[in-house]
Structure formats: structure tokens, C-alpha cells
Amino acid sequence: VFALERRFATPVPQASDLDGLNRHLLGCCLKERKRTVSGRHKTIGEMFEEERTHAVELPDHPFDACIQHIRQADKYQTVLFEGVRYSVPRSVAFEPVTVKAYVDQVVLVHKGAVVATHRRSRTAGEQVLEPTHFLAAIERKPAYLDHTRLFKELKLPAAFAKLRVRLEKELGPRTGTRHYIRVLQLLGRYNAEQVAAAIGVGLHRPSLRAEFIEQKLAA
């Protein structure tokens, strides 16, 4: 390990992300193949090819470079891992979840299916939340839409803001907001760009309701 650190990490490599660091290390390894060790007459790459014929076959499935733990999702739809809470969909609340912690992300698995993927945080006490996991909650408590940081900081295409203004103007703040929430809940089945495209078509109609956006996406 010391030799690799001296050759590959001295001086400390500069990379903007993990992929950049991996590319750097791969380049170092390829370069290392051409080096001849003192006292040998063949390069490292040539000796490796000779040894390869005697090596066992690789496993059918590549090594999953993560640590795994079983955790229980709580009533707030979060899973606690290393002092950080990560959100899961409403259907997973109170259920056991497998936490797969990679270097840069945390993947949450329930009954064999991936239900959430988050950036990995190492700041104890932080909450890493996905707004779409809480769409069912804002149907019951519409005030969350404007009074929680989670939804206030939700970044969506401009069409969403235009839709809300239009709905509240036509239907009034209360009913208009509820129609807007119904459209937001479509993000559980479609991506933001798909929903925004359907909204864009609806904005040209003389009257607009959430039903039109739903029907447009289902078509």
C-alpha cells in the first residue's frame, strides 16, 4: 500500500469527483504495466499476462463495493444510518430496509427493489430527503407546500410555477392549490420534464384542471 501511495498519490492527485479520481488511478495502473521491476527482465504487464493464465475465473457477479446494514424505516419515512436520516417513499414507512452505503451514495432496498438513492452524507444530524417521497403528505397537509424548506427549495421547471398561478386564479387559492398538488403527485410516476411538457400544452387551454394534465400524461 505504501508503494502504491508513493507512486499514485504523491503528490496528492487533484480530481473534481470520484470518476475523475478513478480515471487518474486507471491511467497510473496502465502506465505501471510498462515498468520493469529492478532485477526482472520482463515488464509488470508481461508478468501479469503470464500469471493471468493460472488465475481463477472471475465471479459471475462483480463485487458490490458497499457496506450493508438492515435498518427500520420510521413513521417519518426516514432511515437512520451513521447519524444521518435518509428518506424513503410512504409505502416503506415502518418497514425493514437494507442500507447499501457506497463511497458517494446510499441506496435503500426494500423487498429486493431499490426504493431510494441519495448522496451520502457524513454530517451527523443531517437529513437527506427526496421531496417526491412526501407527495402523499402534502395532500393531507397542503400548508407543507409553502411552509417547509423541503418543498420551498424544490427545483422544478418554470411551467410548474405558471400552472399554480393559473389554477389559483381560476379556482381560488384553496382549490387551485389542491389541483396543483395533484399535479405534483404525478412526479411519483413521471419525471419533471414529462409533467412540464403536459403542463405546457394545458396552459394554452381556455380552462385548466389537474385532470387534463393527468389525461395528457396517460395518453
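Q: By about how many helical turns are glutamate 49 and arginine 52 separated in helix α3?
A: In this predicted model, glutamate 49 forms a salt bridge with arginine 52, and their closest N and O atoms are 3.0 Å apart. An α-helix has 3.6 residues a turn, so residues three or four places apart point the same way. Because glutamate 49 and arginine 52 are three residues apart in α3 (residues 44-52), their separation is about one helical turn.

Q: Which residue is linked with Glu49 and Arg52 in a network of salt bridges?
A: Glutamate 49 is partly exposed at 35% relative accessible area, and arginine 52 is partly exposed at 46%. The network of salt bridges that holds Glu49 and Arg52 also includes Arg33.

Q: Is glutamate 32 buried or exposed?
A: Glutamate 32 forms a salt bridge with arginine 35, with the closest N and O atoms 2.7 Å apart. Arginine 35 has a relative accessible area of 27% and is partly exposed. Buried means under 20%. Because the relative accessibility of glutamate 32 is 15%, glutamate 32 counts as buried.

Q: How many residues apart in sequence are the parts tied together by glutamate 82 and arginine 120?
A: Glutamate 82 and arginine 120 form a salt bridge, the closest N and O atoms being 2.9 Å apart. Glutamate 82 lies in the loop between β2 and β3, and arginine 120 in the loop between β6 (113-119) and β7, so the parts tied together are apart in sequence by 38 residues.

Q: Which strands stand at the edges of the open sheet?
A: Three strands form this sheet in the order β2-β3-β7, with mixed pairing. β2 pairs with β3 (residues 84-87) in the antiparallel sense over four bridges. An edge strand here has a single partner, so one side is left without a neighbour in the sheet; this applies to β2 (78-81) and β7 (127-128).

Q: What is the expected span of α8?
A: α8 has twelve residues. The expected span is 1.5 Å times one less than the number of residues. The first and last C-alpha of α8 are 16 Å apart, close to the expected 16 Å.

Technical notes. Residues numbered from 1 in each chain as written. Predicted model: local features only at pLDDT ≥ 70, side-chain atom pairs only at ≥ 80, totals over all residues. Heavy atoms only, no water. Helix = DSSP H or I, 4+ residues; strand = E, 2+ residues; numbered from the N terminus. Pairing = 2+ DSSP bridges. Salt bridge = Lys/Arg side-chain N within 4 Å of Asp/Glu carboxyl O. Buried < 20%, exposed > 50% of the residue type's maximum accessible area, 1.4 Å probe, protein only.
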